[in-house]
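Please keep the sequence and the three-dimensional view at hand while reading.

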Amino acid sequence: MNILSLENVSKAFGDKVLFENINLQVSQGDKVALVAKNGNGKTTLLKIIAGEEPAEGESAKVYLNKDIRLGYLKQEPEFNPTDTVLEAIFDSDQPIIQALKAYEMALALKREEDINEAAMRLDDLKAWDYEAKAEEVLFNLKMNQLDQTVDSLSGGQKKRLALAKLIIEEPEFIIMDEPTNHLDLEMVEWLEEYLQKANLTICMVTHDRYFLDRVCNLIYEIDNQQLYKYKGNYAYFLEHKFDREHALSSRHDKAKKLFKRELEWVRRMPKARGTKAKARVHKFHEIKEEVYSRTSMSELKLTFPSARLGSKVLELHHISKGFDDLQLIKGFSYKFKKGEKVGIIGPNGSGKSTLLHLLTKVLKPDQGKIVHGGTLEIGHYEQDGLVLKKDKRVIDVIRDIAEVVTAGTSLKLDAARILDRFLFNRRQQEVYVSQLSGGEKRRLYLLTVLMKLPNFLILDEPTNDLDLITLNILEEYLLEFEGCTVIVSHDRYFMDKIVDHLFVFEGNGMIRDFPGNYTEYRDWKQNEVAKARKVKPQSQQKSEKAKASTDNGLTFEQKKTIKNLEKSIERLEAKKSEIMNKFHDTSLTSEEITQLSKDLEDLNSTIEEKEMQWLELHG
């Protein structure tokens, strides 16, 4: 079934054309990603699809199937600031959502009569599965404080609130703009798994390459105002984009040669204005536009040197830090070495940013000491550190730092060429910062940090809002960077590619130094959990846990969540038995057996996940 069609759609803001006469189609079940450089119109195209921006073009057509429910996750969610989290999540006219809202509100107020009445309403609507799913979504996105007002939430909490609301409403077609921003790694993986399994149609913008590879089956790329279609995941996209770029490169080389000849002719005959001459001049301008509209991928490289770094870099001696009764770091020691690349992971609020502020001496430890080496030059890219002056031109922002930077042993780059290499063409260099997209501002901010030639880089969520090309440039720079690098990021692909080892925040102030990247840590952790589960039969573990915590300080909400998890596990086990029985059917085709095997694998994964939630709540 056709969900969405765009025909001959264009969009421009003033002189800046984002895309021209593009066509796009989404069918039921497609999981589509839009990729492009920052500022090329990804978010604008999502707004056109969602009906929030008008399409341009004389013959432009936008068709959206009216029989499907649409859900739209914006990059910056909008809520009534005085609403509570509960009111915001269940702000919907759907009868089931309204019944669920009444039930959750009664639970929050602990009114037995209202709880019973709301429960009967859910019974009438046969909505207990829906309620269990809502509980699972809220649990996994850590939306537990339902009485908080929206205006008291951080940007990350608002994003999770919007995501929870979207999933609970169960739209059939989901539009998502950077859904993984502000989610910790655990939440990103849960969302990835949810979108893989759900029978959904999705159109999203994301820079998360594991997300692209594991969730999406169709990628559209906006490049040079045109739209290119790739029928596959991220790996397929990379392979076929390389082929396309190679073909364009050959064409570009020919255009350069032709441009050179035309340039010589124009210079020789500036007064020739006959018909043929005018045609030649017109042709010259066309070729010039083509030559300057593309930047060779080989030129997209940062080559800044780092300041010299001595033998003593940065040392932490038994440092501790907490706020009120919350202990974030306890007795942690470490001596950084030249050239190492450290990733920092842990749940939101576990102390990752606090450690970064200790490293930069913005905060002082409660105990212990921090020693900076004599040659240490820290470059700190802060998640909320975007403080560019909006009334400055892009090129002036860079010139204020340095007119010229020496790259390598002899190559000198002026401000314009530095910006070229970080995807700001000559026209963009003349615009004001206020005219840049969110991603372009972050790219410029990152460049201002790197241009100061630090030898110790601290990057707090550097991948948020950056496009895939910029990410690749940054990764190549970091791989060759000779100083120290400390990274906090939820981008698993980025972490796997860059870091040598991890500082893992495990709670209660404990930090583990793990010798490997994120995927290696995740595999190790799963193996440790599997070993622990084999110590006793699972049923015995549950029984002992239940006895040990009959009331064990559990809150009303936790008891309710446990009850819902037990119901859900029971239903999933029954479904698993049904699938197992189907394998006895001798008439099954090989395709049916393959599908049943996949369904069984997905079920086992879901059961395991819910059992782990059950154990954590009892822990």
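This is a predicted model: local features need pLDDT of at least 70, side-chain atom pairs count only at pLDDT 80 or more; totals for chains, interfaces and linings use all residues.

Which residue is the bridge partner of Leu316 in E13? The partner is Ile370.

Strand E10 (residues 314-323) is joined to E13 by 5 bridges in an antiparallel arrangement.

Another open sheet is formed by 3 strands in the order E2-E1-E4, with antiparallel pairing. Its edge strands are strand E2 (16-27) and strand E4 (61-64), each of which pairs on one side only. Here the twist averages 15° from one strand to the next.

Strand E1 (residues 2-13) runs antiparallel to E4, and 4 bridges join the two. Leu4 has Leu64 in E4 as its bridge partner. Helix H1 (residues 42-49) lies across E1, E2 and E4, and runs at about 130° to E1.

Strand E8 (residues 218-223) is mostly covered, with 6 of its 6 residues buried. In a regular strand the side chains alternate between the two faces of the sheet. Both faces of E8 are covered: Leu218, Tyr220 and Ile222 are buried on one side, and Ile219, Glu221 and Asp223 on the other.

Strand E3 (residues 31-36) runs parallel to E8 and is joined to it by 5 bridges; Ala33 has Ile219 in E8 as its bridge partner. E8 also pairs with strand E9 (residues 226-230), in the antiparallel sense and over 5 bridges, and the bridge partner of Glu221 in E9 is Tyr228. E8 and E9 form a hairpin with 2 residues between them. Asn224, in the turn, has a positive phi of about 55°.

## Nonpolar cores

In soluble globular proteins, nonpolar side chains tend to be buried together. The largest nonpolar core in this model has 104 residues, of which Ile168, Met176, Leu195, Leu444 and Leu478 touch the most other members. Apart from its neighbours within four places in sequence, Leu195 is in contact with Lys31, Met176, Leu200, Ile202, Phe211 and Val215. A second, separate core of 28 residues includes Leu4, Ala50, Val205 and Leu218.

## Aromatic pairs and charges over rings

The whole structure contains 15 aromatic pairs. One of these joins Tyr210 and Tyr493 in an edge-to-face arrangement, at 5.3 Å centre to centre and with 65° between the planes. Tyr210 lies in helix H8 (residues 209-215) and Tyr493 in helix H17 (residues 492-498), so the pair ties together parts that are 283 residues apart in sequence. Tyr210 counts as buried, because its relative accessibility is 18% and the limit for burial is under 20%. Tyr493 is partly exposed, at 23%.

Arg214 lies over the face of Tyr210, at 4.3 Å from the ring centre. Elsewhere, the charged end of Arg443 sits over the ring of Phe424, 4.6 Å from its centre.

Methods. Residues are numbered from 1 along each chain as its sequence is written. Side-chain values use heavy atoms; hydrogens and water are left out. Rings of Phe, Tyr and Trp (its six-membered ring) pair if their centres lie within 6.5 Å; planes under 30 degrees apart count as stacked, over 60 as edge-to-face and the rest as tilted. Buried means under 20% relative accessible area, exposed over 50%, partly exposed in between (1.4 Å probe, protein chains only). A charge sits over a ring if NZ of Lys or CZ of Arg is within 6 Å of the ring centre and within 35 degrees of the ring normal. Two strands pair if DSSP finds at least two bridges between them. A nonpolar core is a set of buried Ala, Val, Leu, Ile, Met, Phe, Trp, Tyr and Cys residues joined through side-chain atoms within 4.5 Å. Contact means heavy atoms within 4.5 Å. Axes are lines fitted to C-alpha atoms, for helices over the stretch in contact, and angles run from 0 to 180 degrees between N-to-C directions.
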